[in-house]
Amino acid sequence: MAGVRWAAAALALALVGAAPVEETTDDGTIDWTHGTVRALGVGTPRILSPTGALTDGDPYEIAKGDAQARLRRLLARVRLDAAARLGQVETLTPALDAAVRAYRADAARTFSDGTVHLPARVDLAWIPAAVAGAPPPRLPAEAGAPTGLVVQVEGGASPALRVRLTGPDGASVFAGLPTDPIGAEGVAWVRDATDAPEGLVGDRPARITARAAGRGVLAVAGGDVAPLFLGRIRGGLVVVIR
């Protein structure tokens, strides 16, 4: 019977895909697999008039403000690279504020006591371009060159929007920004390569293994590293962690 239950659980996991790589705080969730931050804004009426009418602010507007404040704090926590989080880069503050103002929300839910719950989210896709500025023109990919890169990490690693891949003899390459020679289309952190965004690494990605070697650094442990350190990999980067 236990074997039947295990098989059913395994089948269910296969059907829904692996769990996303997420970082959860009191404000909400940073989803590194789908590239979003998600928060739940809450608006609770603080004062009821004798007639039962809501006063001291519209709970929906309060929920909107709460959602935006939480999203801003979540975005500020997003790690850019080994050195900084988004909120630590002052030049990106205007772009961060604009992203919060442009948040997307699902339908609000109103409870019997007047409390409003507003699920809200902001995508992370704008951040690499904001960090890099105007990227240089990219040369056409060479015939037969890899269309992206998949890195299988041995053990765990801390997600970031940009990583440094290191190899033998001091070789290293940055990946994740539009100006980087690797992963210019962005980075997705997943628990299974099949959960990566469609098209991010194309149909002919290079595949390597690596291990965490510090915050934002992955040391290459095996695979075809020649295209990697020659900067001959176009497309995006998928990092697979346990």
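At 25% relative accessibility, Lys 64 falls in the partly exposed class, which sits between buried (under 20% relative accessible area) and exposed (over 50%), with a 1.4 Å probe and protein chains only. The model is predicted, so local features need pLDDT of at least 70 and side-chain atom pairs count only at pLDDT 80 or more, while totals for chains, interfaces and linings use all residues. Residues are numbered from 1 along each chain as its sequence is written, and side-chain values use heavy atoms, leaving out hydrogens and water.

Lys 64 pairs with Glu 61 in a salt bridge, the closest N and O atoms being 3.7 Å apart; the term denotes a side-chain nitrogen of Lys or Arg within 4 Å of a carboxyl oxygen of Asp or Glu. Both residues belong to helix α2, three residues apart, about one turn of the helix; helices (H or I, at least four residues) and strands (E, at least two) are DSSP runs numbered from the N terminus. Glu 61 is partly exposed, at 44% relative accessibility.

Other pairs reach between elements. Arg 77 and Glu 23 form a salt bridge at 2.8 Å, N to O. This pair links distant parts of the chain, with Arg 77 in helix α2 (residues 59–77) and Glu 23 in strand β1, 54 residues apart. Arg 77 has a relative accessible area of 34%, and Glu 23 has 21%.

A salt bridge also joins Arg 38 to Glu 22 (3.0 Å, N to O). Because Arg 38 lies in strand β3 (residues 36–43) and Glu 22 in strand β1 (residues 22–25), the pair ties together parts 16 residues apart in sequence.

Finally, Asp 27, Asp 66, Arg 70 and Arg 73 are linked in a salt-bridge network. The count comes to 11 salt bridges.
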